[in-house]
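Student: Hi! I'm new to this one, could you walk me through it?
Tutor: Happy to, let's look at it together.

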Amino acid sequence: MVGRRFRLERPRSSALSRPAGWKIVAAWCLYDWACGAFNTIIISFVFATYFVRAVAAGPQEGTSDWAEAQALAGIIIALVAAPLGMLADKGAHRRLMLAGL
């Protein structure tokens, strides 16, 4: 169920006016676009290189540990994402869940 605040409505006054919630939708789209690119670059290139070179005992061990951590994170996300998304959609605490997760 879509909350009242995010529901898009048809324009009433003229055909050229935009839906009431277009600024909210545009803001969320830009946020998601920027966050996705930032996370991809930082996790894939910057932090992985730092972990392998500075944190791990050696390059081989670091690469292996990083790959195992990424695989474990992917499995956890695959198992938990759908139930948490359902709870967020049904509940009234979307922003709290967004901030917490």
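Predicted model: local features only at pLDDT ≥ 70, side-chain atom pairs only at ≥ 80, totals over all residues.

Tutor: We'll go through a helix, some aromatic rings and a surface patch.

Student: Okay, where does helix 1 bend?
Tutor: At Ile 42, by about 35°, with the helix running over residues 22–55. Helices here are DSSP runs (H or I, at least four residues), numbered from the N terminus. The bend is the angle between axes fitted to the seven residues ending at a residue and the seven starting there.

Student: Which residues in helix 1 are buried?
Tutor: Ala 48, Phe 51 and Val 52 are buried. Buried means under 20% relative accessible area, exposed over 50%, and partly exposed in between (1.4 Å probe, protein chains only).

Student: And what covers them?
Tutor: The cover includes helix 2, residues 59–90.

Student: Switching to rings: how many aromatic pairs are there?
Tutor: The count is 4. Rings of Phe, Tyr and Trp (its six-membered ring) pair if their centres lie within 6.5 Å; planes under 30 degrees apart are stacked, over 60 edge-to-face, and the rest tilted.

Student: Is Phe 47 buried or partly exposed?
Tutor: Phe 47 is partly exposed, at 37% relative accessible area. Phe 47 also forms a tilted pair with Trp 66, at 5.4 Å between centres and 55° between planes. That pair links distant parts of the chain, since Phe 47 is in helix 1 and Trp 66 in helix 2, 19 residues apart.

Student: What about Trp 66, buried or exposed?
Tutor: Trp 66 is buried, with a relative accessible area of 17%.

Student: Which residues do the ring pairs link into a cluster?
Tutor: Phe 47, Tyr 50, Phe 51 and Trp 66.

Student: Last topic: which residues make the nonpolar surface patch?
Tutor: Leu 72, Ile 75, Ile 76, Leu 79 and Val 80 make a patch of about 480 Å². Patch residues have over 30% relative accessible area and no salt bridge; like charges are joined within 9 Å, nonpolar side chains (Val, Leu, Ile, Met, Phe, Trp, Tyr) within 5 Å. A salt bridge is a side-chain nitrogen of Lys or Arg within 4 Å of a carboxyl oxygen of Asp or Glu.

Definitions and conventions: Residues numbered from 1 in each chain as written. Heavy atoms only, no water. Helix = DSSP H or I, 4+ residues; strand = E, 2+ residues; numbered from the N terminus. Contact = heavy atoms within 4.5 Å. Areas by Shrake-Rupley, 256 points an atom, 1.4 Å probe, with all protein chains shown as cover.
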